[in-house]
Amino acid sequence: MTLLDKDGVHLTADDAIATVTLTNPAKRNAQTFATWRALAEAGRALPGSVRVVVLRAEGKSFSAGLDRRAFTPEGFDGEPSFPELARRSDAELDAVIAGYQEAFTWWRRPDLVSVAAVQGHAIGAGFQLALACDLRVCADDAQFAMRETSLGLVPDLTGTHPLVSLVGYGRALEICLTGRFVHAEEAERIGLANLVVPAAELDAAARDLTAALLAAPRDAVIETKALLRGAGERTYEEQLAAERAAQARRLRDLTGVAE
């Protein structure tokens, strides 16, 4: 069932599985402000039955990043240009960027598991969109690059936190400051990619992973995800306590015993 089809973003849902597809292959799925609004809308449109969201892209590239028109004085039709944004107050600019970030934040909702299926280029905003997902399955031709710093900007679309969490501070810093390509083989080796497959097998690999993710009961998946997401911010003892509390909830739910 199609729930959204606008501005290069197509959303379908079939019971527990939703698929978000970037549909502008002629521009290598370059992103615009309208793309980000559509992605945020897709997150709001998900039915409550959805457990796994697959993010994929048409064409040879996952996403070549922000459409280069954003860097011109004219910008996008009907949208504020970068010079216009720069003239706004700190509070106004903060609100604008927070709005852009909404396209990238919902993928890690506690009640969902999101999977990015990445082929070809995932550059800048494209890299950050892949990082916004919980898991990444990559074609063997995938290439990641964080080019914002090279353009005099910073990565501001939620990608810095997951990048550091996945590869560590030193490697994340080197990737961002050099803007170099991280190819699929290295991405798998350093933890950016969960799995690398031949390009022809990418969709099948994403389907297989989705089926495996749906095999466990939903509540157990939600509790486990919360445990793992919070582990880095807790002490060892706090994590043990969190495990005990989560398991107590699961046992009561499974046995029908009230607290």
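Is Thr160 buried, exposed or partly exposed?

**Entry 1: Thr160 and helix H5**

I began with this residue, keeping in mind that I am reading a predicted model. Thr160 belongs to helix H5, which covers residues 160-167. I found that Thr160 is partly exposed, because its relative accessible area is 39%, and partly exposed is the class between under 20% for buried and over 50% for exposed. I also looked up how Thr160 stands to Ala258: the two are 98 residues apart in sequence, and their C-alpha atoms are 41 Å apart in space.

I then went through the rest of the helix. The buried residues of H5 are Pro162, Leu163 and Val167. When I look down the axis of H5, these buried residues fall within an arc of 105 degrees, so they line one face of the helix. On the other side of H5 I noted His161 and Ser165, which are exposed. What covers the buried residues? For H5, the cover includes helix H4, helix H6 (169-178) and helix H7 (184-190). Just after H5 comes Gly168, which takes a positive phi of about 90 degrees.

**Entry 2: strand E5 and the sheet around it**

Next I turned to strand E5, residues 113-118, and asked how many of its residues are buried. The count is six of six, so I wrote down that E5 is mostly covered, given that buried means under 20% relative accessible area. Both faces of E5 are covered: on one side I listed Val113, Val115 and Ala117, and on the other Ser114, Ala116 and Val118, all of them buried.

I recalled that strands of a sheet pair through backbone hydrogen bonds, either parallel or antiparallel. Which way does E5 run beside strand E4? E4 (residues 52-57) and E5 run parallel, and four bridges join them. Along this pairing, Val54 stands opposite Val115 in E5. E5 is also joined to strand E7 (residues 135-139) by four bridges, and these two strands run parallel as well. Here the bridge partner of Ala116 is Arg136 in E7.

Stepping back, I traced an open sheet of seven strands in the order E1-E2-E3-E4-E5-E7-E10, with mixed pairing. Its edge strands are E1 (2-6) and E10 (195-197), each of which pairs on one side only. From one strand to the next, the twist averages 15 degrees. Helix H4 (residues 125-132) lies across E3 (17-22), E4, E5 and E7, and runs at about 145 degrees to E5.

I looked for positive phi values in residues other than glycine, and noted two aspartates. Asp7 has a phi near 50 degrees, and it lies in the loop between E1 and strand E2 (9-14). Asp7 is partly exposed, because its relative accessible area is 43%, which lies between the limits of 20% and 50%. Asp15 has a phi near 60 degrees and is found in the loop between E2 and E3. With a relative accessible area of 56%, Asp15 is exposed, because the limit for that class is over 50%.

**Entry 3: Gln239 and helix H10**

My last stop was Gln239, which is found in helix H10 (residues 236-255). Gln239 is buried, because its relative accessible area is 12%, and buried means under 20%. What does the side chain of Gln239 touch through a polar contact? Its partner is the side chain of Arg234, at 2.6 Å. Leaving aside neighbours within four places in sequence, Gln239 is in contact with Leu227, Gly230, Ala231 and Arg234.

I checked the length of H10 too: at 1.5 Å a residue, its 20 residues should span 28 Å, and the end C-alpha atoms are 29 Å apart, which agrees. The buried residues of H10 are Gln239, Ala242, Ala246 and Arg250. Seen down the axis of H10, they fall within an arc of 70 degrees, so they line one face of the helix. This buried set packs against helix H9 (218-231). On the other side of H10, I noted that Glu237, Arg244 and Thr255 are exposed. H10 is followed by Gly256, whose phi is positive, near 75 degrees.

Definitions and conventions
Residues numbered from 1 in each chain as written. Predicted model: local features only at pLDDT ≥ 70, side-chain atom pairs only at ≥ 80, totals over all residues. Heavy atoms only, no water. Buried < 20%, exposed > 50% of the residue type's maximum accessible area, 1.4 Å probe, protein only. Pairing = 2+ DSSP bridges. Axes fitted to C-alpha atoms, helices over the stretch in contact; angles between N-to-C directions. Contact = heavy atoms within 4.5 Å. Polar contact = N/O pair within 3.5 Å; in protein donor to acceptor, adjacent residues only side chain to side chain. Expected span 1.5 Å × (residues − 1). Arc of directions from axis to C-beta.
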